[in-house]
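Take a moment to turn the model around on your screen.

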Amino acid sequence: MSRSNEGVVQGSKTDAPPSGADAGRGGAGTSGEAGSNFLQLDIGRVPAGGRTEWLAGRLRAAIADGTLPAGSRLPASRVLAAELQVSRGLVTEAYQRLAETGQVSGRGRAGTVVVAVPSRAEPPAGPPAGGPRATGAGAGPVDALRALPCRTDLSPGVPDLAAFPRTAWLRAERQVLADLTPADFGYGNPQGAPALREAVAGWLARNRGIRADPGEVVIVAGVAQALALLSQVLREAGVTRLAVEDPGSLGARQQLEYGQLEPVPVPVDGAGLDVAALRASGARAVLLTPAHQFPTGVVLDGDRRRDLLGWAADGGLVIEDDYDAEHRYDRAPVPALRALLPEAVCYAGSVSKLLAPALRLGWLLVPARHRDAVLAAKRYADLGNPVLAQLVLARLMDSGELERHLRFLRRRHRRRRDAMLRALRDRLPGARVHGAAAGLHLTVTFDGDAFEDTALASAALDLGVKCHPLSWHRFRPGPPGLILGYASGPVAEIEEGIAVLAAALRRIRP
C-alpha cells in the first residue's frame, strides 16, 4: 500500500503529541477524554511508548474476529488521531503495519480498506476427520478457503470471471425472451430443454469427438450434481466402492462420500491412472480425469487407455470428468473416452470453467442401462434446471459465440500461464512444475524438502494469497506441493502472488 494514500502517509512515527494547529483540533494537549466511538477505542491508559503497537493490535484483532470484515473502511487518519488525541503519525504508522502484512490497503480517496483476514485464515491441515458427512453438507477445507477474502486468489478451478461475455449473454437472452410463448414459462423437461440438449450434442461432436443423440443428454447443475445422481444410481445398483485417482480432486471425493460411496484410491503416475492397480482394487467403477488429470495435469496415455477400455468392456464402468479439456495450449486435443466406448462410459462436463460456475449448468451422458435410473433421480432431485438459462446457453452454442469466447480465453489464459511459469522460474527456482500444457492451473512440488505444504499454504494466506496444498488432494504421502490457478487474475497479480509464495516459503523452511 502506498504511503501517499489516505490513512498511510509520510509523517512522524513517534508517540509524540501533535503541536500547533493539530493540537488545536484535538491533539494530546486538548482537554477531554482520549477515546473514539470507532471500536470503542480508549487510549487514555495506554503508556505513551506503546500506543502505536496497541492501536495496530486492536485493529488486527478486530479484523481477525470479523468486527472489521473485508471491505470495511477505516477512519481517515486525521479523524481518528483527533478523536484519540494523538499525533496523526501514530495512526498512519499503525495503519502501515497492517498494510505490510496485507490486511489493509490504501485506496486513495476511498481511504484505507480491509482487504484480508489472515490471522484467522489458516487452511485446515487436511480434510475434515470423518469425511464430509461428519461435518455437515458442504463442509470441508476447500469450501472454507473459498469463503475467505484475500488479495490474490491462486486457487485452482477458478475461471476468468471478469471475461464472462455479458454482451453476448444479454443479446442471446433478449432473443430468447422475444421468442418465448406463455407456455414456455411453465415446468420444463427434467432431462433438460430440448434446445440445449441438441446444442450440447453438437458442441460435444465439434469439440470432443463425441457422437451423441440429444435424447442421451441429461442437463445437470454442474458436474457436482452429475456425481450426486450417479452415486445414488450406483448405490441402488449395489455398487458401494468407487475407484478414484490418487492424487485426485478432494471435492469430487467428498461428493462421492456424501453419496455413501467408498472412494478407493488408485495411484496416478506420469502415464495417468495405473490400470493394473485399478484391476487389483476390485472396484467395479472408477472416476477419472483422463484428458487433463487433476491435479497433476498428465494425460492418460495410449497404452493405459486401451487397458482401461478393456477393463470397462469386461464389466467395469468409467465416469469421465472432462472438467477443463477445452483449455489447451501446447498439445493436440485428447479424444474423450466416451467417444471410444459409449456403452461403458458416463461422461460429465459443464460450463463452469468456460463461462462461470454461477450458471450451474452441465451435462451428463450415461450408458443406456443406467439412463432411466439417472433420469428418475434427476426428476425427483429438482424437476430440472431453470429453463431460461438453458435456452440462453443453447443460443450461445448454436450462434458460435461460445466458440469465439473459448478462442479468446485460450489466448488470455496462455499469457497468464506463461507469466506464472516465468514467475515460478524467477522466484521459486527449486520448484518442479507439472501440467503446463493445458487447463487452468499448475501443480508445483518441492522434491527433497521436509516442510508441510499445509504450513506453506497457511503462511501464504497470512500474506493475503490463496492456493491449495497438494496434500489436500492426496491419500498417500508425497513431496510437498501447491496447486496454483492462473486463470482468474491479471499478469501483475499472478507475479505478485508468486513473489508472496516465495516469501512464505522462506518463513516456513527449516
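Two things are in contact here when they have heavy atoms within 4.5 Å. Helices (H or I, at least four residues) and strands (E, at least two) are DSSP runs, numbered from the N terminus. Keep in mind that this is a predicted model, where local features need pLDDT of at least 70 and side-chain atom pairs count only at pLDDT 80 or more, while totals for chains, interfaces and linings use all residues. Residues are numbered from 1 along each chain as its sequence is written, and side-chain values use heavy atoms, with hydrogens and water left out.

Let's begin with a pair of helices. From α8, the residues A195, L196, A199, V200, W203 and R206 meet Q390, L391, L393, A394, M397 and D398 of α14. Sorted by type, the residues of this contact are nine nonpolar, one polar and two charged. (Ala, Val, Leu, Ile, Met, Phe, Trp, Tyr, Cys and Pro count as nonpolar, Asp, Glu, Lys and Arg as charged, and the others, Gly among them, as polar.) Helix α8 covers residues 194-208 and α14 covers 387-399; they pack at about 35°, with their axes 8 Å apart. Those axes are lines fitted to C-alpha atoms, for helices over the stretch in contact, and angles run from 0 to 180 degrees between N-to-C directions.

Now look for the sheet. It is open, has eight strands in the order β6-β13-β12-β11-β10-β7-β8-β9, and its pairing is mixed. Strands pair if DSSP finds at least two bridges between them. At the edges stand β6 (217-220) and β9 (272-273), each with a single partner strand, so one side of each has no neighbour in the sheet.

Next, find H473, in the loop between β17 (468-469) and β18 (481-485). Is H473 buried or exposed? H473 counts as buried because its relative accessibility is 2%, where buried means under 20% relative accessible area, exposed over 50%, and partly exposed in between (1.4 Å probe, protein chains only). Leaving aside neighbours within four places in sequence, the contacts of H473 include D246, R253 and F294.
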